[in-house]
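Please look over the sequence and the model shown below.

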Amino acid sequence: MKGSQYNEREIVARIAKGDESAFAVFFRHHYQKIYEVGLMLTQTESVAEELVQDVFLKVWKQQEQLPAIMDIPSWLFIIARNDAYKALRRSTRLKVVLETLDWPLPVSNETDEQIIYRNYHELVNKAVSQLPARQQMAWRLSREEGLKREEIASRMQIRPDTVKEHLTLAVKNIRQFLETQDALLIGAEVIFLWSIHSLN
């Protein structure tokens, strides 16, 4: 690359050889357009940002194939579009799961959504069992007994604000646990949405 002028073919050739500095230039050059595609399709900034990271990870993994791709921008757009559609389908599925988040699991012929729910139910229970005692108690009183914050405070003989702190920390710890499980690759997203419902 001569001076500050961007030369796509030269950059791609360097990336194919494992040049990380060239990849950084490539990233900066294409970042905004991919982000805008993700945001346009998903309407969610955090999802669009994750999509950008996923797209460039795929680019790096396919670095040796890059010189054979004649239209890099169009290729990147297709990857971003496909990933965005997958995220949207996943989000739609999650909404179905969240709508069924109740205790206990409904007894019927299991649909895909119920199987997903059951798997998460088991994982969350495992995560909850590892929480500190006060966080675990607050979580169970909220989720399993359906008590309001004030009722939990009375039961635990603490302030409602302290209950909120325990629940917030519980959500954080459960989310971290699910992320380590890499459960269906959407554990963090599920518990994040679930946490919003938990603290209302």
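## Phe27 and its ring partner

Phe27 is partly exposed, with a relative accessible area of 23%. Here buried stands for a relative accessible area under 20%, exposed for over 50%, and partly exposed for values in between, using a 1.4 Å probe and protein chains only. The ring of Phe27 pairs with that of Phe56: the centres are 4.5 Å apart and the planes lie at 50°, so the pair is tilted. Rings of Phe, Tyr and Trp (its six-membered ring) count as a pair if their centres lie within 6.5 Å, with planes under 30 degrees apart called stacked, over 60 edge-to-face and the rest tilted. Phe27 belongs to helix α2 and Phe56 to helix α3, so this pair links distant parts of the chain, 29 residues apart. Helices (H or I, at least four residues) and strands (E, at least two) are DSSP runs, numbered from the N terminus.

This is a predicted model, in which local features need pLDDT of at least 70 and side-chain atom pairs count only at pLDDT 80 or more, while totals for chains, interfaces and linings use all residues. Residues are numbered from 1 along each chain as its sequence is written, and side-chain values use heavy atoms, with hydrogens and water left out.

## The aromatic cluster

A pair of aromatic rings is described by the distance of the centres and the angle of the planes. How many aromatic pairs does a search of the whole structure find? The search finds seven. One of them joins Phe26 and Phe56 in an edge-to-face arrangement, at 6.1 Å centre to centre and with 85° between the planes. Phe26 lies in α2 (residues 20-42) and Phe56 in α3 (residues 45-61), so the pair ties together parts that are 30 residues apart in sequence.

Ring pairs link Phe23, Phe26, Phe27, Tyr31, Tyr35, Phe56 and Trp60 into a cluster.

The axes of α2 and α3 come within 8 Å and cross at roughly 140°. Axes are lines fitted to C-alpha atoms, for helices over the stretch in contact, and the angles run from 0 to 180 degrees between N-to-C directions. That angle makes α2 oblique to α3; under 35 degrees counts as roughly parallel, over 145 as roughly antiparallel, 65 to 115 as roughly perpendicular, and the rest as oblique. The crossing of α2 past α3 is right-handed. A crossing is right-handed if the near helix is turned clockwise from the far one by less than a right angle, and left-handed if anticlockwise. Residues making the contact include Phe23, Phe26, Phe27, Tyr31 and Tyr35 of α2, and Phe56 and Trp60 of α3. Contact means heavy atoms within 4.5 Å.

Helix α1 (residues 8-16) also approaches α2, with axes that come within 8 Å and cross at roughly 135°. The two helices are therefore oblique to each other, and α1 passes α2 in a left-handed crossing. On the α1 side, Glu8, Ile11, Val12, Arg14 and Ile15 take part, and they meet Ser21, Ala22, Phe23, Val25, Phe26 and His30 in α2.

Helix α6 (residues 133-143) packs against helix α7 (residues 149-156) at an angle of about 135°, with the axes 10 Å apart. This makes α6 oblique to α7, and the crossing is right-handed. Arg134, Met137, Ala138, Leu141 and Ser142 of α6 meet Ile152, Arg155 and Met156 of α7.

Gln157 is in the loop between α7 and α8 (160-181). Is Gln157 buried or exposed? Gln157 is exposed, with a relative accessible area of 74%. Its phi is near 60°, a positive value in a residue other than glycine. Most residues other than glycine have a negative phi.

Lys126, in helix α5 (residues 112-129), is partly exposed at 44% relative accessible area. Lys126 and Phe177 are 51 residues apart in sequence and 9.0 Å apart in space, C-alpha to C-alpha.

## The whole chain

The protein has nine helices and zero strands. Of its 200 residues, 36% count as buried. Among contacts with a separation of 6 or more, 54% come from residues 24 or more positions apart.

The accessible surface comes to about 12,200 Å², of which 52% belongs to carbon and sulfur atoms. Accessible areas come from the Shrake-Rupley method with a 1.4 Å probe, and for residues only the protein chains shown count as cover.
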